[in-house]
Structures are given as C-alpha cells and as structure tokens.
Number of protein chains: 2
Amino acid sequence: MTNQPNIRPTILVTNDDGYYAGGLRKLISIVRKFGKVIVVAGEQSMSGMGHAITIKTPLRVKTVAKEPDYEEYICNGTPVDCVKLGEQVVIGGKPDLVVSGINHGSNASINVIYSGTMAAVIEACIDGIPAVGFSLCDYSHKADFSHVDRFVEQLVSGVLKNGLKQGVCLNVNIPPLPSVPIKGIRVCRQANARWVEEFDSRQDPRGVDYHWLTGRFENDDLSEETDQWALDNGYVSVVPVHYDLTAYSMIDEIKKWNLK
Amino acid sequence: MTNQPNIRPTILVTNDDGYYAGGLRKLISIVRKFGKVIVVAGEQSMSGMGHAITIKTPLRVKTVAKEPDYEEYICNGTPVDCVKLGEQVVIGGKPDLVVSGINHGSNASINVIYSGTMAAVIEACIDGIPAVGFSLCDYSHKADFSHVDRFVEQLVSGVLKNGLKQGVCLNVNIPPLPSVPIKGIRVCRQANARWVEEFDSRQDPRGVDYHWLTGRFENDDLSEETDQWALDNGYVSVVPVHYDLTAYSMIDEIKKWNLK
C-alpha cells in the first residue's frame, strides 16, 4: 500500500452567464492550477434564475473537451441543474470543490437571493461539497477580470486547505476596475438592502402593454460589517452563506399567537 | 375628520402552479373573507422556479376579473415577477398582505430553497409586506384541500392581527388527507434534509442521451423541533423564514484564514 499524496483535487466549475462568458474562462484559467477541472456550463445565459431547476423538460449534456486534466461540457439547464448533472451524470460522484462564476455583476447583499451563480454554490453545499461563488461588480460582457487572480487564488487555496463546515459556502464579490488598488479581503455579513422595482412599461405595435423589469438598488444598511460597505470601500467581500432560512428569533413570538 | 375602522385589507394572492390550480382557487376562497383580494398568477405552472425573475423577455399582464372587492390577473412571469407586477403595475403600491399557494406539494425543509411559492413570499417580505406561503403535502393536481380552511384562516388572521417583524415571513405546510384528524399547528425550524438526485437517463429516437431530473427525499434531521417531524406526525408546520443567508457562526473562523 502506498500513500497517494499527489492526487489533485477534482474541481467542478459552473456559472450562470453561459459557457462563453469571459468570467467563466477567467475562473477556469485560475483553478486549473489547483486540480483537475470539470466544467459544466449552460448553453445560454441564466442570470436571475435563482435556485430554479428544470423539471418539465429533459436535460441534455454535450461534451466540448475531454483531456486527462480538463473536461468541458455544456447543457441546456439552469446553474443548479449544472451542479446536479456534474455530480450525477458527468463525474458519477462528488467533486472536491465547486466554484461558480466569475459572475458579470454583483451578487452581494440581496442579490444573493436572485443569483444563479450562488444557487449553484448553495446546491453543492446542500450536497456536502465545499463551494465558493465569485462575482465581479461589473455587469458588462466585456468586464475586465485582470485584477482578480490573487483573490480567487487565496479563496480556493483557503477552502481546499481549511474546508468549510457542513452547510456553509462562500459568496465572494470583487470590486470592478478601476477601483484599484484594492485594499484587501473582508469577511462580512450580507447587507440588508433591496431592489426597488421600476417597470419600464411600453406598448407593442398592436397597442398591447408590456413591461420590462428594471430597478434601482437601495441600501439603508450602512454598517461596516456588511459586504456592501466592503465593496463600496475598495475591499473584496467574503460572506459565509447557509441555507437554513429559519428566523429563529421569531419562533417563540409566533408560539404566543396560540395557533391550534 | 373621521376614523375609517372598516377599511378592509388588500390581499395579494399568487402561486407557482398557475392560475388554474385548485390550490390557488381554495386560497382565494378563504382569503376573500378577510379583505379585498387581488390575484396575480402565472399563465403556466412555475414549480421549481426558485427565486427566478424575468429579465430577458418583457412581461405581460391580462385582466381576468375586475370587481369592487376582487380582481384577477394572469401574467407570463415567475412567482417573483407576479409579486413585483402586483405591487408596481396592478396595485401601484403595497398590499397589506401577500399570500402564496396553496402549493400542490411540500415546501417544508430544503424544499423552501427550490420553491416558487415561497420565493413569492420572500420577495414580498423583502419589500416589507407581511407574507405567508401555504403548501399541502400532496403533489397531485387533484389534491383534496377540504381540510385546510381552519389552518389558513388562523394564520391569515394571526398575521393581520399581530403583523410580522420586518424581514420575516411564514412557511406553512399542511399534511395531506387522509392524515386527519390533524393534531394542530406547530411552530418549527427548517429540517436539514436534502434531495438525492437520481437522473432518469434515456435515449431519444435519434440515439442521443437525455436526462430527466428525479430524486428522493433524504432526512437525517429527526428533531421534534423541525417542520418535517411536525408533518410526519400529523401537525401543520409553521416556520418563520428570513432572507439573511449569512452563516454568522463562520465569520470569525474564516477571519483566521488571514486573507488579504
């Protein structure tokens, strides 16, 4: 019997902007230094898909690349589907790490709720796999990712070395260029902000109304402990995230309602 | 100046099974006793849509009914879109209460993460509106809702009377018939269970693989404090839910990683 100290970790990579996104390519290039990389990404952009899963149509997976240290697949599913397919259909087991992103646009604060990038991470976390989501606070398709390497590397390295407690994953957001020099990394809590909807209502050529969802970000939670403060002040934010949505502080209060 | 003690609350009703679902019709019939009801539901079933929003296509709203105490609209959006459209396009302000469901199928335990029903509730909660999601633990389209009235009424009445703390909403699950007589209502925490995926993989007539997402529910969290225990033992479960996903217990631990 020999030890096998040089076995490299298997890292599953996905995102919600689609397989062609610059942020995904950047993330792949960084994590290939750490292990065997298996990419399962969507054919289409799935921004704003939240934790959606595909149950009404069948899923299909196409092989794009299959090398000893690198495999790439595209599918017709959501980011959560990508993780499920990656585990069950592609790998046939659990990877050592799941990374998602790098998202084009912030997933800090309330954005975590709507984010397909973070839904993939939470899905891996439910399955007991250490997982990290990375986002750059720049929505442009041509966003500049040239400054992100050292932050992504530290986080990937930190998670591979320290692990994460069962039920906890990480939401990492990086300020956009030209916010350099970035001051460093801050571990934070999720800011309690929200989007205020402002539908852009129009009429089609037949005179029928239609509505485009738009909105503006409104943040009254200005604490220095929040991810939004960190980003606004030139720091990379790291929020440990869990999927137990129980508001424990309200349990005793609702018990007093005397429901029966 | 006169007091207006008799103004009835405005209640926005939505769901994720579509406007034609029996569970929605049941919920409407119950909440009409409590106030003016405005229904905004999807044209299609949106089960498993999680917190998805529609940003790549425009939204359309059609008027089905418009009476003094009752309005009904259908739209082409997700459950979260229904809430946003209800507030901004239909009402032009905030309703006094949002109720969602009654879902055909459990949203207890980890199902809350995938649930369109609960995403609509959480969206309302983000907007500062008291909100409750109702689900019956029976996935059938023909599910029997005849035993739910007294539980829905108690919860709607309790929320209208007591309010809910900002940032907290309710996830209510009801055992299916024939689990009667139901023993009562229990206020619980979310059980830490998960779905184990089991893709049903097939070949189409052209010989190309495709995969149907299926799975089985696996629960190792057997505490009597959980929603799953309550349901398994004949109780209606009520879990207070919030949208702050921060895993506070991990903040100090990750700070020790010395990220910079």
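A:I185 is buried, since 24 other C-beta atoms lie within 10 Å; a residue is called buried if 20 or more other C-beta atoms lie within 10 Å of its own, exposed if 12 or fewer, and partly exposed in between, with the C-beta atoms placed from the backbone. Before I go on, please note that this is a predicted model, in which local features need pLDDT of at least 70 and side-chain atom pairs count only at pLDDT 80 or more, while totals for chains, interfaces and linings use all residues. Residues are numbered from 1 along each chain as its sequence is written, and chains are lettered from A and ligands numbered from 1 in the order in which they are written.

Back to A:I185, which sits in strand β8 (residues 184-187) of chain A; helices (H or I, at least four residues) and strands (E, at least two) are DSSP runs, numbered from the N terminus. Leaving aside residues up to four places away in sequence, A:I185 touches A:F151, A:Q154, A:Y235, A:V236 and A:V238, and from chain B it touches B:L259 and B:K260, where contact is taken to be C-beta atoms, placed from the backbone, that lie within 7 Å. The C-alpha atom of A:I185 is 8.4 Å from that of A:A230, although 45 residues separate the two along the chain.

Is A:V238 buried or exposed? A:V238 is buried, because 27 other C-beta atoms are found within 10 Å. Its contacts, again not counting residues up to four places away in sequence, include A:L155, A:L170 and A:V172 in chain A, together with B:I254 and B:L259 in chain B.

Those contacts across the chains lead us to the interface. How many residues of chain B are in contact with chain A? There are 62 of them, and they meet 62 residues of chain A. Strand β13 (residues 235-242) of chain B gives the most to this side of chain B, with five residues. By class, the side of chain B that touches chain A has 35 nonpolar, 17 polar and ten charged residues; here Ala, Val, Leu, Ile, Met, Phe, Trp, Tyr, Cys and Pro count as nonpolar, Asp, Glu, Lys and Arg as charged, and the others, Gly among them, as polar.

As for how the chains are related, chain B is superposed on chain A by a rotation of 180° with 0.0 Å of shift along its axis, at an RMSD of 0.0 Å, which is the relation of a two-fold axis.

Let us turn to helix packing in chain B. Helix α1 (residues 22-31) and helix α5 (residues 149-162) of chain B pack at an angle of about 55°, with their axes 10 Å apart. Axes are lines fitted to C-alpha atoms, for helices over the stretch in contact, and angles run from 0 to 180 degrees between N-to-C directions. Why are α1(B) and α5(B) called oblique to each other? Angles under 35 degrees count as roughly parallel, over 145 as roughly antiparallel, 65 to 115 as roughly perpendicular and the rest as oblique, and therefore α1(B) and α5(B) are oblique to each other. Their contact is made by B:L27, B:I30 and B:V31 of α1(B) and by B:D149, B:V152, B:E153 and B:V156 of α5(B), and by class it has five nonpolar, no polar and two charged residues.

Helix α4 (residues 116-126) of chain B is mostly covered, with eleven of its eleven residues buried. Just after α4(B), B:G128 takes a positive phi of about 85°.

Finally, some backbone details. The peptide bond from A:G101 to A:I102 is cis, with omega near -15°, and the one from B:G101 to B:I102 is cis as well, with omega near -10°. A:I102 lies in strand β5 (residues 97-104) of chain A. A:S109 has a positive phi of about 55° although it is not a glycine, and its place is in the loop between β5 and α3 (111-114) of chain A. With 27 C-beta neighbours inside 10 Å, A:S109 counts as buried.

Conventions:
Contact = placed C-beta atoms within 7 Å. Least-squares fit on C-alpha atoms with pLDDT ≥ 70 in both.
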